[in-house]
Amino acid sequence: MYLNVVQEIVVKEFGRDICLVSGAGCGKTTVLCEKYLAALQKGYKPEEILAITFTEKAASEMKNRVLLATQALDDASLWMTTIHGFCSSVLRSHALEIELNPLFEILSETQALTLQDEAFEKSLNALPHVLIEEFGFFHLRNMMQKFLSARSKTYSAFQKHPSPKQIQQMCEDLDVAFDLSAEAKTHHLVMNFKEFYSELSKNYEILKEAAGVLDFEDLILKTKTIFQIKPLVLREYQNRLKLVMVDEFQDTDHIQKDIILQLCGSSTQLFIIGDPKQSIYRFRGAEVEVFEEIKNHIQSRGGVDYDLAHNYRSGSNILNFVNSLFAPLFRNKSMGYADLLSTQSGQSHVYFCEIPDNKETREMLRIKEATWIALQIQKLIQQGFKLSDIVLLFRAMNYAPLYAQKLTQLNITSFVIDEAAFFENLEIRDLVCFLKTICDSEDILSLLATLRSPFFSISDETVYLLYKEVGSIPYGLEKAMHLQFISASEKKKLKNARDLIFYFRKTKNTYRILEILTEIRRQTPFDEVMFHSAASLQRKLRLEKFMNLASQSEGMSLERFVHFVEMLKEKRFRDVASDEELLEMQGVRLMSIHKSKGLEFPIVFLPDLGFQAGGFPSLLLLDEGVGLSTKDDNFSWQESSLKKILKSKEEEKEREESLRLFYVATTRAQQFLYLSGSTPSKNSWLSLLKNQPDLIKQCNVETPPYPPITHPAVVRQEASQSKIYIASDFPLYSPARRYSITALQEYLLCPWRFERKFIHEIPEVLRSKNKGASLGTSVHEVLEQTNFSNVIANPERARQSFIYNSDHSGVRELLQNFLHMPYFKEIQKAQVIHKEYPVYFSHQGFVLEGIIDLLFKNQKGEWILADYKTNKISREKVEDFGRSYEFQMDSYAWMLSDLGVNINKCVLLFLNPSVCYEFEWSEERRKNIKKQIQNILSGIEKQEFSARLGRKCEYCGYKNRCETYIRSQRQSQTSLQALAVTIATP
C-alpha cells in the first residue's frame with residue numbers, strides 16, 4: 001500500500017514511543033493497520049500487541065484489514081478491542097481475585113438508567129428533606145443519575161469540595177463576588193448531597209451485585225483497582241505486551257490514560273494516535289487535555305511525535321477554507337494547528353448563504369433555510385448526484401424534523417438519524433399508548449388514541465357517538481355491540497379492540513413485554529398501515545429498536561416498563577442508527593455531527609449555523625468541586641460563588657469544544673460544502689464566519705430565492721340547518737392539565753369558545769390581522785430589553801436611545817407616554833425588577849402558567865405587580881377596561897403569594913392614554929380569585945363547555961360554528977321583523 005513520507009516513517013519506526021497527531025481525513029486508520037502489520041513482520045506475536053480503538057466498529061474494521069493482509073491469522077488471535085472490551089476481559093480473567101462474579105453481564109446505558117432509577121427509589125427514606133424542599137424530586141432524580149453515571153468524578157468532587165473559607169479565597173483571587181451566608185447554605189446542601197449519595201451508591205451497588213451486572217464505569221474503575229491492589233496481575237500484562245497501540249486518544253479520560261500507562265512496562269512501546277482538534281465527546285467524559293499530557297509523557301520517555309497533514313478526503317477549495325477558518329482559532333491553543341494539504345485533483349466548492357432576518361420568528365427563518373436547501377438538493381440531483389451522497393449535519397437534532405419535512409414536501413426521500421425525539425414518532429407513540437391502555441383502565445386519553453390509531457382505526461364519528469349516547473368511552477366500548485346507531489363494520493372493529501384490550505388487561509402479568517408487543521402487532525393491521533408510506537424503512541428500524549428495548553427489559557412489570565419509557569422520553573432518548581442501517585437508507589440523511597465522526601460524504605450541508613447550543617446544566621456542575629444553584633428569598637435560582645467559578649471554566653471548555661465540533665463538521669465534505677444560517681447568536685458558528693469577511697469571499701455566496709411558503713387555509717362556512725359533525729367537533733381528548741391564565745379568562749367569558757381554542761386547538765376565522773397585537777408585541781420587546789436604571793445616569797441620552805431606536809412611530813409614541821407616567825420613576829428606583837417573569841403553579845392537578853410583564857419591589861420594600869396595556873381607549877373607559885383585567889392580575893397575585901411573594905398592589909399601565917388603573921391586593925381578593933379559579937378548573941374537569949353570549953361574540957372567530965350565537969341572531973332577526981311589521985301596520 002502507498003504511504004507518504006511521514007506515514008512510512010511512523011510505520012517503520014520501532015524502539016521508542018510515538019505520538020501521532022493526525023488531521024481529519026489524513027489516513028490514520030491506514031497507518032494504524034500498517035503499523036500492526038509491520039510489527040508482525042518484525043517478529044512481534046499477535047498476543048504481544050494490544051490495539052485499542054474507540055468503537056467496536058473500528059476494531060472490527062482493523063481486524064478485517066489485518067486478516068486480509070496476512071491470511072495466516074484468525075480472528076481470535078488478534079487482540080484488537082475497545083478500552084471497555086479490554087477491561088472486561090481483564091475482569092473476567094481475574095474476577096475471583098477481587099470477589100467478582102466472572103459471569104457478569106454488562107449493562108447498556110438504558111438498563112443502567114433503569115437500575116439507577118430503582119436505586120433512587122430505594123434510597124428515598126434517606127433523602128434529606130432540605131434537598132427535597134430546595135430542588136424537588138424531578139431535579140434530584142436527574143442530578144443523582146448524573147452522580148452515578150460519573151462516579152469517579154463525583155467521588156473526586158466531594159472529596160475535594162472546598163470549604164466556604166477556601167471558596168472566599170478563590171473568589172478574591174478571581175475577583176468574583178462572595179456571599180458568605182449564601183455559600184454557607186450551599187455548603188450545607190453539599191454535605192447533605194454527599195451523605196445521600198453515599199446511601200444511593202451503596203444501594204446501586206447492591207442492585208448490580210444481586211443482578212450480576214456491571215455498568216461501563218465499573219469496567220474502567222475495577223480494572224484500575226485490580227492493577228493497583230494486585231501487582232502480580234499487572235506484571236503479567238506488562239511482561240506479555242511489547243506494543244500497545246491506542247487510536248482516537250483525544251477521546252479518553254484520566255482514568256483510561258492511567259490504565260494504559262500502567263500496562264506499559266519498561267520494555268513496552270506505546271504508540272498513540274489522535275487529533276485533539278477532533279475531541280468532541282465531553283458529554284461522555286472525554287478530557288481533551290489528556291492528549292497533551294500523554295504527548296508530554298512520551299517525550300519525557302525519549303519518544304517522538306509526528307503530524308499527518310496530507311488530506312485524502314476533501315478537495316483543495318474546501319481545505320483552503322478550513323485552513324483559513326481554523327488556523328487562527330487553533331494556533332493559540334495548546335494543540336496548535338497544522339494546515340491540511342490537499343491530495344485531490346478534482347474540483348470542490350464551498351457555498352455560503354445567510355438567510356436575511358426580516359424580524360421573523362426563528363422557526364420561519366428555519367423554514368426558509370430548509371426551502372433553500374431543498375432547492376439546492378434538487379439541482380444536485382439533476383446534475384447526477386445520488387440522494388445517498390448528501391447529508392445534512394446538525395449541531396443539535398431538535399430541529400432536524402423541520403428540515404426533513406421540507407424535503408418531503410419536494411418529494412425528496414430523507415432519513416433523520418440519531419433522532420432526539422424518538423418517542424414522539426407516531427409508530428412508537430401508538431405502541432406506548434396501547435401499553436398504557438392495558439396498564440391503566442382510567443387512562444382515557446391513551447384509550448382514545450389507541451382506538452383511533454392503525455391498531456383499530458375506529459372513526460371519529462363512532463368515538464363521538466359512544467361518548468354522546470353512553471356518556472363514557474370505556475363503558476361505551478363494553479356496550480358497543482348492543483348500540484343500534486353504530487354500523488356493523490364499526491361494531492366489528494370495536495369488538496376486536498375490546499377483546500384484545502380486555503384480554504391483555506387480564507393476562508399482562510403472564511406475558512413478557514416483548515410478547516405483548518409482538519401479539520399486538522400480529523393481531524392488528526398496525527404494521528401494514530405503518531409500512532405503507534415513504535418513511536416505511538425508517539419506521540421499521542425505529543420499531544425494531546423499540547422491540548429491542550422491550551427485550552432488554554426482561555423481568556420488568558408492564559407498569560415499570562411504561563414508567564421506564566416515560567423516563568427515557570423525559571431524557572430525550574436518542575435513536576442512534578447502526579452503520580448497517582445507514583447503508584440501507586437510500587435517501588438524504590440528516591444526522592448529528594457527533595454521529596458523522598469518522599465518516600465522509602461527497603456533499604455536506606451545515607444548516608442552522610446561527611444556533612448556539614446550551615452547554616452546562618442549570619443546577620449542577622462537577623469539576624473538582626460541587627457547584628450548585630440554590631433558591632433565593634424570591635424563589636429564583638441563584639448561583640453560588642463556586643458555581644460561578646466552575647461555570648466560567650465550563651463555558652470556556654464549551655467554547656473550545658464548539659470550535660472542535662465545527663472543525664469536524666466542515667472536514668466531512670469531499671466535493672461540496674454548504675454553509676447556511678440566520679440571526680447569529682453571540683458565540684454561534686455563523687458569527688465566527690461573519691467576523692472573517694475575507695473568508696466568506698472564498699465561498700460562493702448565495703442569495704436565496706424564496707418560493708411562496710403556503711399554509712393551510714381556514715375555510716369559512718355558513719352554518720347549515722342540520723348539524724354536520726366533523727372531526728374537530730368531537731370531544732376526543734380528556735382535558736389538558738396545563739393552561740395559561742389567559743386561557744382561564746377565555747373560559748370565564750365563554751366555555752364553548754375555550755373548548756374550541758384550547759382543547760381542540762381549532763384555528764379562528766379572523767376578518768383581518770390584529771395590528772394592535774403587533775404594536776403591543778413591539779412595545780413589550782423594547783420594555784423587556786431596556787435597563788431602566790440607565791435612564792437615571794444619563795436621562796436625555798437614555799430617553800433618546802430608549803424611544804427613538806424603534807423604527808415604528810406608534811411604538812415611539814407609547815414609549816414616550818410610559819416615560820411620563822408617575823410609576824416610571826418608582827420603577828427606576830426599585831430595589832428589585834423582574835421583566836417578562838414566568839410563573840408556574842400547580843393547583844387541583846392542573847399546572848397554571850403565565851408571563852408577568854413587570855414585577856418589582858419599590859423603595860419601601862413593597863411588591864408591585866404591573867402589566868402594560870397598549871389598547872387605544874378613551875380615558876372615560878379606563879375604569880371599565882381595568883375591571884376586565886382584574887381577573888388576570890388577581891390570578892398572578894394569588895399564584896405569587898402562594899409561592900412566597902406577597903404582593904401589595906396591582907397596577908395596569910394603560911399607555912394609550914397614559915393612565916394607571918390600580919388596586920390594593922388583599923386577603924379577601926385572594927380568597928375570591930382562588931374560589932373563582934377552582935370553579936373554572938372544576939368546569940374544565942367536568943367538561944362543562946356550554947356557550948355564553950356576550951359583547952365579544954361579534955368579534956369571535958368561531959361564531960359561524962356556534963349554534964347558540966346563530967340561534968340568538970335568528971331570534972333577533974325574527975324580533976326585528978315582527979317589530980317592523982308592527983310599525984308598518986296602520
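In what follows, Ala, Val, Leu, Ile, Met, Phe, Trp, Tyr, Cys and Pro count as nonpolar, Asp, Glu, Lys and Arg as charged, and the others, Gly among them, as polar. The model is predicted: local features need pLDDT of at least 70 and side-chain atom pairs pLDDT 80 or more, while totals for chains, interfaces and linings use all residues. Residues are numbered from 1 along each chain as its sequence is written, and side-chain values use heavy atoms, with hydrogens and water left out.

**Cavities**

A cavity is a set of points, on a 1 Å grid over the protein atoms alone, where a 1.4 Å probe fits but cannot get out; its lining residues have an atom within 4 Å of a point. A volume is the space filled by probe spheres set on the points, which are joined across faces, edges and corners. Three cavities of 30 Å³ or more are present, and the largest cavity contains about 80 Å³ of space. Its lining consists of L393, F394, R395, A396, Y399, I593, L606, P607, D608, L609, F611 and W685. By class, the lining of the largest cavity has 10 nonpolar residues, no polar ones and two charged ones.

**Nonpolar cores**

A nonpolar core is a set of buried Ala, Val, Leu, Ile, Met, Phe, Trp, Tyr and Cys residues joined through side-chain atoms within 4.5 Å. Buried means under 20% relative accessible area, exposed over 50%, and partly exposed in between (1.4 Å probe, protein chains only). The largest nonpolar core has 75 residues, of which F271, F321 and L675 touch the most other members. Helix α14 (residues 316-330) contributes the most to this core, with nine residues. Helices (H or I, at least four residues) and strands (E, at least two) are DSSP runs, numbered from the N terminus.

Contact means heavy atoms within 4.5 Å. With its neighbours within four places in sequence left aside, L675 has contacts with F321, V350, Y351, F352, C353, L606, L609, F662 and L689. A second, separate core has 46 residues, including I428, I458, I486 and I501.

**Salt bridges**

A salt bridge is a side-chain nitrogen of Lys or Arg within 4 Å of a carboxyl oxygen of Asp or Glu. The structure has 56 salt bridges, and the table lists some of them.

| Pair | N to O distance |
|---|---|
| K28 and E248 | 3.2 Å |
| E61 and K57 | 3.7 Å |
| E600 and R313 | 2.9 Å |

K28 lies in helix α2 (residues 28-41) and E248 in the loop between β6 (243-246) and α12 (254-263), so this pair ties together parts 220 residues apart in sequence. Both K28 and E248 are buried. A network of salt bridges links K28, D247, E248, D251 and K597.

E61 and K57 are four residues apart in helix α3 (residues 56-70), so about one helical turn separates them. E61 is partly exposed, at 41% relative accessibility, and K57 is also partly exposed, at 33%.

E600 is partly exposed, at 40% relative accessibility, whereas R313 is buried, with a relative accessible area of 10%.

**A buried arginine**

R660 is located in helix α28 (residues 641-666) and is buried, with a relative accessible area of 1%. Not counting residues up to four places away in sequence, R660 touches P276, K277, S279, I280, R282, V288, F330 and M335.

Key. 1 Å grid on protein atoms, 1.4 Å probe; cavity = no way out; pocket = protein on both sides within 12 Å on 5 of 7 lines; lining within 4 Å.
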